[in-house]
Amino acid sequence: MKTTELIAQHILEVHEGNNWTDSAIADVLNDVTLNEAIQMTSASPNTIASLLHHITYWNRLLIQRINGTHIEVPESNGYDVPQLKSEQEWQALKADNINSAHELAAAIRAFDENKLSLPILPGYATAYRNFQGTSEHIHYHLGQMVILKQLIH
């Protein structure tokens, strides 16, 4: 199996399940309500919703890098989740995250396997490091969401 396929699958599994950690964004957030998603705690400057928005932001930023576009990351760094006012908006944020994972997985699968060891863009780390690093980044923030959920419940 191609390396790009393996990484793409790993991206999907951390979002939807069936990964080696037995923890996935969709499962962890399945029973999180809007009020819980936006609740601040003393444990973090972020909410569950802002962490999820941040992951979605970075999924799409990496797609732009794959497509050759250099994006300046704003100071907000994707944590600037719009104010969620309804359960429907919270559900839409979760669905958008899953959509972004599928978009990213498709972009990684389409990436030329022979270019994995090359910088994703001039001055950047290799494509492989960006792809694998994104998976690690998502797992890191998933862990934060698990802890925040435990504190809130």
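An axis here is a line fitted to C-alpha atoms, for helices over the stretch in contact, and angles run from 0 to 180 degrees between N-to-C directions. Helices are DSSP runs (H or I, at least four residues), numbered from the N terminus.

Now the model. It is predicted: local features need pLDDT of at least 70, side-chain atom pairs count only at pLDDT 80 or more, and totals for chains, interfaces and linings use all residues. Residues are numbered from 1 along each chain as its sequence is written, and side-chain values use heavy atoms, leaving out hydrogens and water.

Start with helix 1, residues 3-16, and helix 5, residues 87-110. They pack at about 175°, with axes 8 Å apart. So helix 1 and helix 5 are roughly antiparallel, a label for angles over 145 degrees. Contact means heavy atoms within 4.5 Å.

Next, helix 4, residues 48-66. How does helix 4 pack on helix 5? The angle is about 25°, and the axes lie 9 Å apart. That makes the two roughly parallel, the term for angles under 35 degrees. Among the contact residues are Leu52, Ile55 and Ile63 of helix 4, and Trp90, Leu93 and Leu104 of helix 5.

Is helix 4 mostly covered or uncovered? Mostly covered: 16 of its 19 residues are buried, meaning under 20% relative accessible area (1.4 Å probe, protein chains only).

Last stop, just after helix 4. Gly68 takes a positive phi of about 90° there.

Technical notes. Parallel < 35°, antiparallel > 145°, perpendicular 65-115°, else oblique. Buried < 20%, exposed > 50% of the residue type's maximum accessible area, 1.4 Å probe, protein only.
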